[in-house]
Amino acid sequence: MNISVPRRVTAVAALAALALAGLTGTSASAGPAAAAAAPDIPLANVKQHLTDLQSIATANGGNRAHGRTGYKASIDFVKAKLDAAGYTTTLQTFTSSGATGYNLIADWPGGDPNQVLMAGAHLDSVSSGAGINDNGSGSAAVLETALAVARSGYQPSKHLRFGWWGAEELGLVGSKYYVSQLPTTERAKLSGYLNFDMIGSPNPGYFVYDDDPTIETTFKNYFAGLGVPTEIETEGDGRSDHASFKNVGIPVGGLFTGASRVKTSAQVSKWGGTATAFDRCYHSSCDTTSNINDTALDRNSDAIAHAIWTLSGASTPPTGTVFENTADVSVPDNGAAVTSTVNVSGIAGNAPSALKVDVNIVHTYRGDLVVDLVAPDGSVYSLSNRAGGSADNIVQTFTVNASSEVANGAWKLRVQDKASADTGYINSFKLTFP
Ligand SMILES: [Zn+2]
């Protein structure tokens, strides 16, 4: 559950690190600041894409299925948006069931061509409906994320590629074709493929694919930060386009809000909604723009952007001075508070108004934990107060306005477990001064 980040240590900071490490187990180094944060993905924009896909279906016999005019119109719609935003787009054609199918591939110029991060969604519907949740939702959220990359002028260290697949509903035909046409050398350059198929289900659950651990943790951390519990995705396992990539050894991950399976009463307690199908309109004519839960669509769209930004690496040069304690401190079950300390030195004046506090706590029930930052003078800043329910771990960067505190001195991360049964430990605690 720990993603290690390579860091650059300057000579002076390394000496300081040695000196401090000898005394306290604390290290200080000039290291990378937190990666550039992903922008919020505007829900209204994602919903507008869904409205447009609905209009395309309505104008084309009520669906956007493979081999029908509504599918080609959907591909043209997405392609036009990406072309206008500066993407290099490629329309790939294949044949299935006697009809021409289309995949759309969009490359964002720049980044390391030998390390490609890809995200995709199937754009086809079944023939019985407009396919707005399945899978206008994934298609629209990936599209809006790609447009957000362009709007922000994001220049990640990895190369970004987005894909919209045809004929998924006929057996992952489009994505299988794409992968089959990728030379082995090109497959090896794909560092990950993220799949989004149904992310706005009207009675939603929050499911994360249990595949590549880094991708899975990235998504879980995002939802944990929102205090939304997640579960491992099992209903659609191997039933969407990520399987085409996974089958050739490419690391995959993704999100899902549920299809025809019925939400259990335990899941209702966890997520709200009713003990009925996650999507009662799955593969039906009622899968229209009214078949979307806005909160689920919003959270999942933001999670996609978070993953794209986090997994593609920041090109922003490393800045800031980092003070970190990586010694493990066990947190007694329903017991006394424990602390991890970093000794800050060499920083003039007060702490910043946006002090970055990286907290990494391994625990089997984060809702048990009260987590505070304690300044050298004893002032307490609450970071997490029994938030996040039954989700595991607190692996999160908090921003604290610490401008009324003198920077130098002993800063503590204080953790107390206030309920019995679950245990864990402080894995690391880090402060970054700009
Ligand atoms: Zn689907």
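Two strands count as paired if DSSP finds at least two bridges between them. Helices (H or I, at least four residues) and strands (E, at least two) are DSSP runs, numbered from the N terminus. With these terms, S14 and strand S17 (residues 409–417) pair in the antiparallel sense over six bridges, and Val370 stands opposite Gln416 in S17.

The structure is a predicted model, in which local features need pLDDT of at least 70 and side-chain atom pairs count only at pLDDT 80 or more, while totals for chains, interfaces and linings use all residues. Residues are numbered from 1 along each chain as its sequence is written, and side-chain values use heavy atoms, with hydrogens and water left out.

Contact means heavy atoms within 4.5 Å. Leaving aside neighbours within four places in sequence, Asp372 is in contact with residues including Tyr381, Leu383, Lys412 and Arg414.

A second open sheet can be followed in the same way. It has eight strands in the order S2-S3-S5-S4-S6-S9-S7-S8, and its pairing is mixed. Strand S2 (88–96) and strand S8 (231–232) stand at its edges with a single partner strand each, so one side of each is left without a neighbour in the sheet. S4 and S5 run parallel and are joined by eight bridges, with Ala121 opposite Trp164 in S5. From S4 the chain crosses through helix H4 (residues 132–152) to S5 in a right-handed β-α-β crossover; right-handed means that, with the strands pointing away from the viewer, the path from the first strand over the helix to the second runs clockwise. S4 also pairs with S6 in the parallel sense, over five bridges. By contrast, strand S7 (residues 207–208) and strand S9 (residues 252–256) pair in the antiparallel sense over two bridges.

Helix H3 (residues 69–85) lies across S2, strand S3 (99–108) and strand S5 (158–165), running at about 15 degrees to S3. Axes are lines fitted to C-alpha atoms, for helices over the stretch in contact, and angles run from 0 to 180 degrees between N-to-C directions. In helix H5 (residues 173–181), the residues Val173, Gly174, Ser175, Tyr178 and Val179 are buried.

Finally, a zinc ion has protein donors His122 (NE2), Asp134 (OD), Asp197 (OD) and Asp197 (OD), lying 2.0 to 2.6 Å from it. Donors are N, O and S atoms within 2.8 Å of the metal (3.2 Å for Na, K and Ca); water is not among the atoms, so sites may look incomplete. Along the chain, the donors follow the spacing H-x11-D-x62-D. His122 lies in strand S4 and Asp134 in helix H4, so the pair ties together parts that are twelve residues apart in sequence. Both His122 and Asp134 are buried.

Conventions:
Buried means under 20% relative accessible area, exposed over 50%, partly exposed in between (1.4 Å probe, protein chains only).
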